[in-house]
Amino acid sequence: MPVQDDSDLKIKTRHFLRRKYGKDLLIDCSLYSQSNSILPEYPFTTDFYSTVIVTGGSGSIVIDGSEIHFSRGTLLFIQPNQIRHWRTVSPDFDAFFLVFENEFTETFFQDSFFIYRFQFFHNNAAPSSLKCGQEFTGTLVNLCREISIELAELQDDSHHLLRAVLYYMLIRINREYIVQNGLSAFLFQDNPGIRLKKLLEVEIKNYKKVEDYARLMKVSRSHLNHISKKAFGLPASAIIKQRILIEIKRELLFTHRSVKEICFHMNYSDVSNFVRFFKKQTGMNPGEYRLKYTK
């Protein structure tokens with residue numbers, strides 16, 4: 001894995017080593033059993049996207065507070081800045097780790113929303129994993145091997161081939177993900193829906209209301225709800241609440257901030273309203289949640 005740690009942080013961030021292969025390729029693919037890597041026993045984040053294709057063994061991983069059990073044929077999808085913690089991994093575990101920075105695809109396709117079109121990375125209402133059959137898993141494994149071979153024998157046009165293979169893989173995975181989760185393919189063409197998701201990543205600590213995002217996108221509240229329902233199957237208010245909840249859980253589980261400090265850090269003006277919102281969404285107050293999940 002192309003990473004280095006910031007060991008002085010409470011939550012360590014693993015960074016992409018851009019010049020691992022002598023060029024700024026911003027992509028890597030390696031088989032766990034052949035990479036001399038060790039899965040960290042502590043929670044951490046990365047500044048790159050990760051797709052893990054499990055080829056053997058089993059175990060569990062916690063991604064932003066949600067535990068996912070995996071086995072052969074499971075795909076795991078992890079965004080930059082998501083907190084993940086490998087809980088259990090069997091001795092026979094093996095997997096391809098396909099990782100890349102958004103810049104690798106964004107600059108090539110000249111589309112700032114490119115990565116947001118793939119629901120397996122950017123649909124908080126659906127799982128961060130996918131269970132695949134043997135044939136589909138085999139196809140992905142062969143493509144990972146092709147990427148690995150190209151990285152080991154770089155040529156002048158390698159960046160074109162690597163982008164093409166990655167693009168093909170992302171499309172195939174997205175189609176399978178949409179089918180298995182009964183989602184709409186509308187998001188792939190829907191710039192307004194994608195813009196909403198991207199705005200949430202940037203502005204969630206500043207804005208909490210549907211009308212705020214409607215104003216930022218220069219559309220009416222009703223039209224924003226129409227966009228959200230068509231793209232994600234949920235009204236904009238539900239999408240916003242999901243994203244707020246993710247951010248609060250990260251703060252509770254992986255920082256030393258008090259509930260009051262988290263409240264103000266999230267730009268809530270009233271602690272009681274903050275606690276009420278969290279309890280309505282989770283069934284417990286923030287202190288109870290922190291105590292239960294940080295034992």
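**Labels and their cut-offs**

Modeller: Start with α8 and α10, which are roughly perpendicular to each other. This is a predicted model, where local features need pLDDT of at least 70 and side-chain atom pairs count only at pLDDT 80 or more, while totals for chains, interfaces and linings use all residues. Residues are numbered from 1 along each chain as its sequence is written, and side-chain values use heavy atoms, leaving out hydrogens and water.

Biologist: Why are α8 and α10 called roughly perpendicular?

Modeller: Their axes cross at roughly 105° and come within 11 Å. Angles of 65 to 115 degrees count as roughly perpendicular, under 35 as roughly parallel, over 145 as roughly antiparallel, and the rest as oblique. So α8 and α10 are roughly perpendicular. The axes are lines fitted to C-alpha atoms, for helices over the stretch in contact, and the angles run from 0 to 180 degrees between N-to-C directions. Helices are DSSP runs (H or I, at least four residues), as are strands (E, at least two), numbered from the N terminus.

Biologist: Which residues of α8 and α10 meet?

Modeller: From α8 come Lys 241, Ile 244, Leu 245, Ile 248, Lys 249 and Leu 252. From α10 come Phe 274, Phe 277, Phe 278, Gln 281 and Thr 282. Contact means heavy atoms within 4.5 Å. By class, the contact of α8 with α10 holds seven nonpolar, two polar and two charged residues. Here Ala, Val, Leu, Ile, Met, Phe, Trp, Tyr, Cys and Pro count as nonpolar, Asp, Glu, Lys and Arg as charged, and the others, Gly among them, as polar.

Biologist: What is the packing angle of helix α8 and helix α11, and what is it called?

Modeller: Helix α8 (residues 236-254) and helix α11 (residues 286-293) pack at about 55°, and their axes are 9 Å apart. That angle makes α8 oblique to α11. The contact is made by Lys 249, Glu 251, Leu 252 and Leu 253 of α8, with Pro 286, Tyr 289, Arg 290 and Tyr 293 of α11. Its residues divide into five nonpolar, no polar and three charged.

Biologist: How do you know how many disulfides there are?

Modeller: A search of the whole structure finds zero. A disulfide is a pair of cysteine sulfur atoms within 2.5 Å. The sulfur of Cys 29 has its closest cysteine sulfur in Cys 144, 3.7 Å away, so that pair is too far for a bond. For Cys 132 the closest cysteine sulfur is also in Cys 144. That separation is 12 Å, too far for a bond.

Biologist: Are Cys 29 and Cys 132 buried or exposed?

Modeller: Buried means under 20% relative accessible area, exposed over 50%, and partly exposed in between (1.4 Å probe, protein chains only). Cys 29 has 4%, so it is buried. Cys 132 has 8%, so it is buried.

Biologist: What makes Asp 64 and Asn 267 worth a look at phi?

Modeller: Most residues other than glycine have a negative phi. Phi of Asp 64 is near 50°, a positive value in a residue other than glycine. Asn 267 has a positive phi of about 65°, although it is not a glycine.

Biologist: Where are Asp 64 and Asn 267 found, and is each one buried or exposed?

Modeller: Asp 64 lies in the loop between β5 (58-63) and β6 (66-71). Its relative accessible area is 9%, so Asp 64 is buried. Asn 267 lies in the loop between α9 (259-265) and α10 (271-282). At 47% relative accessibility, Asn 267 counts as partly exposed.

Biologist: Why does Asn 225 count as buried?

Modeller: Its relative accessibility is 17%, so Asn 225 counts as buried. Asn 225 sits in helix α7 (residues 221-232). Leaving aside neighbours within four places in sequence, Asn 225 is in contact with Pro 235, Ala 236 and Ser 237.

Biologist: What makes Leu 143 buried, and where is Leu 143 found?

Modeller: Leu 143 has a relative accessible area of 11%, so Leu 143 is buried. Leu 143 is in helix α3 (residues 134-152). Leu 143 and Cys 29 are 114 residues apart in sequence and 10.0 Å apart in space, C-alpha to C-alpha. Leaving aside neighbours within four places in sequence, Leu 143 is in contact with Val 165, Tyr 168 and Met 169.
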